[in-house]
Amino acid sequence: MAEGRERLGSATEARRIAERASGWTVGDLTGHASDQVPERVLDFARRIIERRAAGEPLQYALGTWGFRTLDLLVDRRVLIPRPETEVVVEVALDELQAIVKERTDRVPVAVDLGTGSGAIALSLAVEAKRIEVWATDASADALAVARANLAGIGGRAAPRVSLAQGHWFDALPPHLRGSIDLIVSNPPYIGDDESLPGEVSDWEPASALRAGPTGLEDIEVIVSGAPGWLASAGALVVELAPHQAEAARAMALGAGFGEARVERDLAGRERVLVART
Ligand SMILES: C[S@@+](CC[C@H](N)C(=O)[O-])C[C@H]1O[C@@H](n2cnc3c(N)ncnc32)[C@H](O)[C@@H]1O
């Protein structure tokens, strides 16, 4: 921890690295402050410190990151799961609850389009009591990470999750058409001309961030395609940038949704489009 603090100038990062390398919490570590640190733990910690010192995001250097109740494997093949996406899951679970109240005849089906690390899909599978989840991505690399994370969520939830590769709705089996209760997505929504901090643009996959000239291109594909895949009382929940809120709401109403609203994230910014059929 002392080496990390000195090299990185951050006590918080040093603590996280020490915890990751040792497998202990900072409380455990304090209780063993005078113990000899095993060589392999020290090597592992130093490798993480050097990667971080070279500018790699802490999450990739650690190789795991917390998302709601999960500890997800993350590397450069996937976007680092963000706190605002935890709110997207919260909103999606609320929508699911409302749908389930009205329907008890079958297990609700949810789809996470562009699953990346699996953050949204696996959280739904773990946190919803009864649910079948489809997690899709265009990137085979991203799906490999989601598959590894699926293996880590345990035997109760994992059998309820299916992974599928393909361009947005093309990834889904045709039998799901018209029978999905909840579609959730955190698609790429950065416009071509929008600048990003170097730590994001240099390290995270551009295909997970950039949508096209306006940034709304992927949101539009999802919003316009969703009504054809949702069941009669279904919901669509999509993460977006605050400046896209009004356009996305109008898009949803134009696509035939009966109601559409935008929920705020923890920082109070408009962040989550919720559209009901
Ligand atoms: C913003 S990331 C979200 C990842 C993850 N759901 C999360 O919230 O952390 C967008 C994801 O969409 C995927 N994606 C991009 N274009 C796609 C497409 N045309 N069809 C399906 N997935 C796509 C990317 O590979 C990436 O994993």
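The lining of the second largest pocket splits into 15 nonpolar, five polar and four charged residues (Ala, Val, Leu, Ile, Met, Phe, Trp, Tyr, Cys and Pro count as nonpolar, Asp, Glu, Lys and Arg as charged, and the others, Gly among them, as polar). This is a predicted model, with pLDDT of at least 70 needed for local features and 80 or more for side-chain atom pairs, while totals for chains, interfaces and linings use all residues. Numbering runs from 1 along each chain as its sequence is written, and side-chain values rest on heavy atoms, with hydrogens and water left out.

That second largest pocket holds about 500 Å³ of space. A pocket here is an open set of points on a 1 Å grid over the protein atoms alone, where a 1.4 Å probe fits, with protein on both sides within 12 Å along at least five of seven lines; lining residues have an atom within 4 Å of a point. Volume is the space filled by probe spheres set on the points, which are joined across faces, edges and corners. Of the 24 lining residues, Met1, Ala18, Leu29, Val37 and Val41 sit nearest the centre. Helices are DSSP runs of H or I, at least four residues, and strands are runs of E, at least two, numbered from the N terminus.

Two of these helices also pack against each other: α2 and α4 have axes 9 Å apart and an angle of about 140°, which makes α2 oblique to α4. Axes are lines fitted to C-alpha atoms over the stretch in contact, and angles run from 0 to 180 degrees between N-to-C directions; under 35 degrees counts as roughly parallel, over 145 as roughly antiparallel, 65 to 115 as roughly perpendicular and the rest as oblique. On the α2 side, Glu13, Ile17, Arg20, Ala21 and Ser22 are in contact (heavy atoms within 4.5 Å) with Val41, Phe44, Ala45, Ile48, Ile49 and Arg52 of α4. That makes seven nonpolar, one polar and three charged residues.

Further along, α11 (residues 217-229) and α12 (residues 245-254) cross at roughly 25°, their axes coming within 9 Å, so α11 is roughly parallel to α12. Ile219, Glu220 and Val223 of α11 meet Ala248, Met251 and Ala252 of α12.

As for the largest pocket, its volume is about 790 Å³. Among its 41 lining residues, Leu79, Asn186, Pro187, Pro188 and Ala208 are closest to the centre.
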